[in-house]
Amino acid sequence: MNSGIRIGQGYDVHAFGEGDHVVMGGVRIAHERGVLAHSDGDVVIHALCDALLGALALGDIGVHFPPSDPRWKGADSRVFLRHCGALLAERGWRLGNADITVVCERPKVAPHAAAMRAHLAADLGVDVDAVSVKATTSEKLGFTGRGEGLAAMAVALLVRA
Ligand SMILES: Nc1ccn([C@@H]2O[C@H](COP(=O)(O)O)[C@@H](O)[C@H]2O)c(=O)n1
Ligand SMILES: C[C@@]1(CO)OP(=O)(O)OP(=O)(O)OC[C@H]1O
């Protein structure tokens, strides 16, 4: 890892299940469904963690936080993100910027994007303008379009600390 930049990408999906809220970017959003997950099922943070781990070539979130490990049952995914931030710092990197896209028909993400960005930036120790969160529907096509679950994609650029 001698070059001055690294790039990574991440993708995560969680199916809707019983519940009355979803968590995205550390924000609890009231919703008529919850998500099926071992942790809190935060697709935004899981995708971002995978982008950061990918940039470091350190595997993926399931390697670091196995779904078989009872410690992570119901876990706040911000714990995972802070851990990834520490891995970056230990290796002499910091986040240059990250861009995350959530794909779902509902819930609406835009009203919560600023709060999500604030959480993600705080957990990674960067300015809020280094972290983008946006959303799109899939025009009622596919599993997200049918309202079966949530998806999120992330890209992250690392720069030398
Ligand atoms: N879950 C979502 C999906 C979309 N948005 C916002 O609505 C805009 C229009 O979405 P289209 O898929 O019709 O392009 C989009 O640009 C987002 O700002 C949202 O907040 N939450
Ligand atoms: C986050 C972990 C934690 O055990 O479990 P899940 O909440 O099910 O989420 P997933 O996106 O499948 O990632 C795997 C795991 O690391």
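Before the first stop, a word on annotations: UniProt positions are given in the numbering used here, feature names are shortened, and annotations may be inferred rather than shown by experiment. This is a predicted model, so local features need pLDDT of at least 70 and side-chain atom pairs count only at pLDDT 80 or more, while totals for chains, interfaces and linings use all residues. Residues are numbered from 1 along each chain as its sequence is written, with chains lettered from A and ligands numbered from 1 in the order in which they are written.

**Stop 1: the annotated site.** Select Asp12, His14 and His46, which UniProt lists under "binding site" in an unreviewed entry. They span 35 residues in sequence, yet no two of their C-alpha atoms are more than 10.1 Å apart, so they gather at one spot. His14 sits in strand β1, residues 5–17 (strands are DSSP runs of E, at least two residues; helices are runs of H or I, at least four; both are numbered from the N terminus).

**Stop 2: ligand 2.** Now show what surrounds ligand 2: Asp12, Ala37, His38, Ser39, Gly41, His46, Ile61, Gly62, Phe65, Pro66, Pro67 and Trp72 (a residue counts as near if its C-beta atom, placed from the backbone, lies within 6 Å). Color by class and you get six nonpolar, five polar and one charged. Here Ala, Val, Leu, Ile, Met, Phe, Trp, Tyr, Cys and Pro count as nonpolar, Asp, Glu, Lys and Arg as charged, and the others, Gly among them, as polar.

**Stop 3: ligand 1.** Around ligand 1 you'll find Cys104, Lys108, Val109, Ala110, Ala135, Thr136 and Thr137. That shell has four nonpolar, two polar and one charged residues.

**Stop 4: a helix pair.** Pick α3 (residues 78–90) and α4 (residues 113–124): their axes come within 8 Å and cross at roughly 40 degrees. Axes are lines fitted to C-alpha atoms, for helices over the stretch in contact, with angles from 0 to 180 degrees between N-to-C directions. To see the contact, show Arg78, Leu81, Arg82 and Gly85 of α3 with His119, Leu120, Asp123 and Leu124 of α4 (C-beta atoms, placed from the backbone, within 7 Å).

**Stop 5: zoom out.** Which elements does the whole chain hold? Five helices and seven strands, running β-β-β-β-α-α-α-β-α-β-α-β from the N terminus. The C-alpha trace spans about 45 × 35 × 25 Å along its principal axes.

Conventions. Two residues are in contact if their C-beta atoms, placed from the backbone, lie within 7 Å.
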